[in-house]
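Colleague: Before we discuss any labels, I would like to see the model itself. Could you put it up, and then let me ask how each term was reached?

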Amino acid sequence: MTVSLDFKFMNDKTSPDKNNLLSKPWKVVPALMERLGGLCGFYSGEIADDQKKPDGKIAFTSREFGDSWATDEDSKDCAPLVCPHKLMSKALDQCNKLRDDPFKECSETLQVDHFIEFCMSSTCECMLHKDGSDEKCKCDSFQTYAEACEEKHGSAAVRNWRFMHECHSECPPGMEWNDCGPSCQLTCDSSSDTSLEQCSEKCVPGCFCPPGTVLNGDKCVPPEQCADQACTGFGDPHFKTFDGFFFPFLAEGSYLIVGNKENDFVLNGVSRKCSLFSRNTCLVGLEVIYKGHQVIMKKDKEVEVDGVSIPMDKLPVHSHGMVILGYPGRTFVVSIPLLSLEARFYEENSGFAVKVPSRRYFNKTEGLCGNCNRKKDDEKEKPLHKFVCDYQVEGDPQECEKSMKDLPEIEKPIPICEKLENPIFEACYPLVEIEIFIDACSFDAVHGGEPKAAFCKTAKEYARQCCQAGLVIEDWPEVLDCDVTCPEDFIYSQCHEGCPQTCSTVKNKTADLKCDELKIDGCFCPEGKVLMEGTCVDAILCDTCDEEGHVPGDEWKEGICETCHCRSDLTIACVVELCPSKPICSVGETLAKIDEEDGKSSCCEMFTCVPKIKDCPTPHVPHCQKGEAAKVHTGPDSCTHFKCECDPALCSPIVWPSELEEGQTAEVVNDTCCQKVEVVCHQRSCPEKPECNTGLELVEIEGECCTTYKCKPLEDVCLYTHRYRLEDNIQIPVDSEDATPVIYKPEEEWSDGFCDTCKCVKSGDQHVTMCNVESCQSEEERPDYVIEAVEVPGKCCPSFVRRRCKDNEGIIREVGEQWTDPLNPCIHFICEDNGEEIQKTKIVTNCTECPRTAVYFPPSKILGQCCGICEVTRCEDGDDLHEIGATWVNPEHPCRKAECIKEHGSVMTVFTAQPCPVIPKDCPKDNIIWDENGCCEMCNLTSEVHCSSAPIPEEDTIGFFTYPDESHGGMCVNEKPVPNVLQCAGACHSRSYYSLEDGDFKDTCKCCKVNITVPRTIDLICPDGNYIKKTFMQPETCQCSKCAPKSTPEVEKLRNQFKSWEQSEDQLNQFDIGQLSRGQREEEIDPFQQLEQDEQIQQQPDFDDLFDIQQQQND
């Protein structure tokens, strides 16, 4: 959000600097939910409260909402900006620099004049309101233009503009400015994360760690110093290794938790029964060994360093390269800075944590924490009891194995443990896996027999892990009903950051403590207090001037003559009282000692001169007022007496009163001796008696000087200022200047507009107004419809009406419009008005299944098809399926031949009568019989060989048909066998006899020739890979006919006519029967082979025969 006014944008416990709020996006973490307020809303997850004012009421206009969040020191009415000429000229000089380098390239795509105008306005406003230095005002105004330019030309276009115009920030120590740094800062937690590669796509300006270092907290360190691998343990107990292997631990003894193979350090843990009769074991102590020196942390014991006990309030201590720290709640931390190693012992829940840098100890550690190589499977190579007991340092190995083998099996989580999946932990789920903690809780609940205790222990550890991951979850004890109490004067903190609160840390804040970035949970002293001897005391008590505990401002006596004072710089200033010399008496006087007042001892003995005259009485030394001293005077009688006289050196400092009433002033007056401050009343400064508004009564308060007045609300009534008035059933806001309070009696009810219903109720000793605001349904975005709010006269809430529809991609569709689902072409929608409301209707197209005679082709997504295509490729005859071109005889109709054909795009079964052979004319009637199927008559003469159509074997038909086509590269040929290719075959009578009439032999020659033909189409493949369709004439019936004579001119004429017919494209694209066979010369082309057998000649129909038959059919 970007707003050009000085408003409160967001406000939590820490108020941000308002000067840095404008023109900046704000992002917040889920932990701040319901903890914010301001123009950005309350972050409650509810849209309805986004226009709530600080007083909890809903604003009805944008201006009312904006003004309600104006800061106290600024006017709530936004006046137009008037920039003085001098500032405007200065702003123009600054903003004109946008035309120069490095911004020149930006003007190619951006309207620089527009941005200069904006720059002048924002710069002038900034300088006018003194929101920053002139340089800062300039830089903030340049930022908008630079960002717009980067969007158009990339980040390199205006790189280093901050350096050129001195707009870069001062970086913290150890960091350096980069105008184009990575969008994700490398940290110890993310330096090994490969997902950071995507963060470098767009550079951002800012302070970054130098190359070769990463950010650890707020310091830049080499990656090898990052303690990024953690091993933890908690509960009864459970271990999680460096590599993430999670396992229960139930054994007594001392065990190696972690050590390295080079013996740099050793961390041992001591496990004992949690109580006398408990089956569970608890971690009761940790032992850290480094360079031969030992630190022991035990339950209910003080920390021991090389055998010497150290009280909690004396920590931290440094010992042989180790820093030992202690926190309330008995949490101890041992840090070894040289190794970047950290070990913690949480006494309260028997937990521990150890962190090591992976770059230093990758695959170099051993113990129950594993080998730190990011592979948890290799820690499962051994059985669990073997893995654990192999690292036992002290104890019974057999008892160890027995305990680890007897671990209980948990089949499903315990119900109370499933409460860990509470919304309060939800934000932490991506950071810390919750499932293993539910399993650990279930294990402890079953094994320990105390489900509630196991649940709260596990919840505390999960919250602790979230803290270490960077997320604070403060209120989990209250939400989950877990008792986390602290001693008196202590407060509980889930994620306390910093060093222990002791005088030692207050006095010795050095960098080598390494505790500034530690995050610890437990009980801590409030801010400003420290732990001293088990209680919280003011931190100022740590700053003493001496061992007796004197703090700045204290004054005390050292003996009777020395007065000491503790200064603010913790030094002591002492003043020794100097005794005056004894007075020198005149002649006739003698020295006399002055008695001490009331028996008080004083530093100096006081003497005075008294007359030697025996008749003079003993002089009386009077008690003088403050600032006065008793001095000797000689009276007229020559006797001495004392008189109090003023001595300014003895006057006390002037003390001014801390509080004055109205009308009073403090004035310095001269007393008898010393000056003092008196409070003087000035009646003229007293307030006048005011007039109270309606509903208020005047109360007079008598003071020492003035009578003050206060307008107090009337008792037993409620005072309410209406925000709305009703005119013609319309709600109209009341101007604040015209609003007048109205008095309502107890229990009286009234309405304010249409939405507020109020009542005067008693609360304690007074009556207050309680209003109920009718909650209206918010105009939420609907995924399927465009919703419009329609005001209802006389009602608080509008009604929401559907106006148009939306498709799944959010595109608005008008009423009556239809569209198809882009992901499913079988689904259609229509936006229609059903008479009551707009309705988006879904229409689903159901695809039918293909018949078994068809082949299914899936739908094309590119073409947007819903259903596939069923292409019929076979014919169905009863239970049988036949391919296209197949012929068969139906048993029920033996006299008809069935054939599966495709004609005009349709596949069908065609039945034709079986051809019957021609009965020779000379066949005796007695020899004419019916065939075996009873379909045809036939001549039963053994001498007559039957002439009929017969099939050519399919394997002989491959390459049988050829056709020259130059457009397709040459000779085209069939590559597949052609089924049911027929030929005329058989034997006919032929004889030769001598004719007396002709005087020569006469021949009677009959040949088996074609009688009836049918066209058939086949596919030929050509040299260029394309297929063409061609038609040939197939013999259907044959008969014995007269053999053709030698070629005559008439036959040649008929032959040529037949050739022109068969080459015509209008006659089924037929080709010459002579092209059916490959490798024959033109005069030899014949689809059938000639045979001679004795005197009977079996012949194919030659060209003339086919032509004769075709001609007969045409006739």
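Colleague: What makes up the contact of α2 with α3?

Modeller: Leu87, Met88, Lys90, Ala91, Leu92 and Cys95 of α2 meet Ile116, Cys119, Met120, Thr123, Cys124, Met127 and Leu128 of α3, where contact means heavy atoms within 4.5 Å. By class, this contact has eleven nonpolar, one polar and one charged residues, with Ala, Val, Leu, Ile, Met, Phe, Trp, Tyr, Cys and Pro counted as nonpolar, Asp, Glu, Lys and Arg as charged, and the others, Gly among them, as polar. Please keep in mind that this is a predicted model, in which local features need pLDDT of at least 70 and side-chain atom pairs count only at pLDDT 80 or more, while totals for chains, interfaces and linings use all residues. Residues are numbered from 1 along each chain as its sequence is written, and side-chain values use heavy atoms, with hydrogens and water left out.

Colleague: Why are α2 and α3 called oblique to each other?

Modeller: Helix α2 (residues 85-95) and helix α3 (residues 112-128) pack at an angle of about 130°, with their axes 9 Å apart. Angles under 35 degrees count as roughly parallel, over 145 as roughly antiparallel, 65 to 115 as roughly perpendicular and the rest as oblique, and α2 and α3 are therefore oblique. The axes are lines fitted to C-alpha atoms, for helices over the stretch in contact, and angles run from 0 to 180 degrees between N-to-C directions.

Colleague: How is the pair of α2 and α4 described?

Modeller: The axes of α2 and helix α4 (residues 134-153) come within 11 Å and cross at roughly 55°, and that makes α2 oblique to α4. The residues of this contact divide into two nonpolar, one polar and four charged; Lys90, Gln94 and Cys95 in α2 meet Asp134, Glu135, Lys138 and Phe142 in α4.

Colleague: Which peptide bond is cis, and where does its proline lie?

Modeller: The cis bond joins Asp101 and Pro102, with omega about 5°, and Pro102 is found in the loop between α2 and α3.

Colleague: How do you know that a charge sits over a ring at Lys1030?

Modeller: The term asks for NZ of Lys or CZ of Arg within 6 Å of the ring centre and within 35 degrees of the ring normal. The charged end of Lys1030 sits over the ring of Tyr963, 3.8 Å from its centre, and the charged end of Lys840 sits over the ring of Phe829, 5.2 Å from its centre.

Colleague: What links the aromatic residues into a cluster?

Modeller: Ring pairs do, joining Phe239, Phe245, Phe247, Phe249, Tyr255, Phe352, Phe387 and Tyr391, where rings of Phe, Tyr and Trp (its six-membered ring) pair if their centres lie within 6.5 Å. A search of the whole structure finds 24 aromatic pairs.

Conventions:
Helix = DSSP H or I, 4+ residues; strand = E, 2+ residues; numbered from the N terminus. Phe/Tyr/Trp six-rings, centres within 6.5 Å; stacked < 30°, edge-to-face > 60°.
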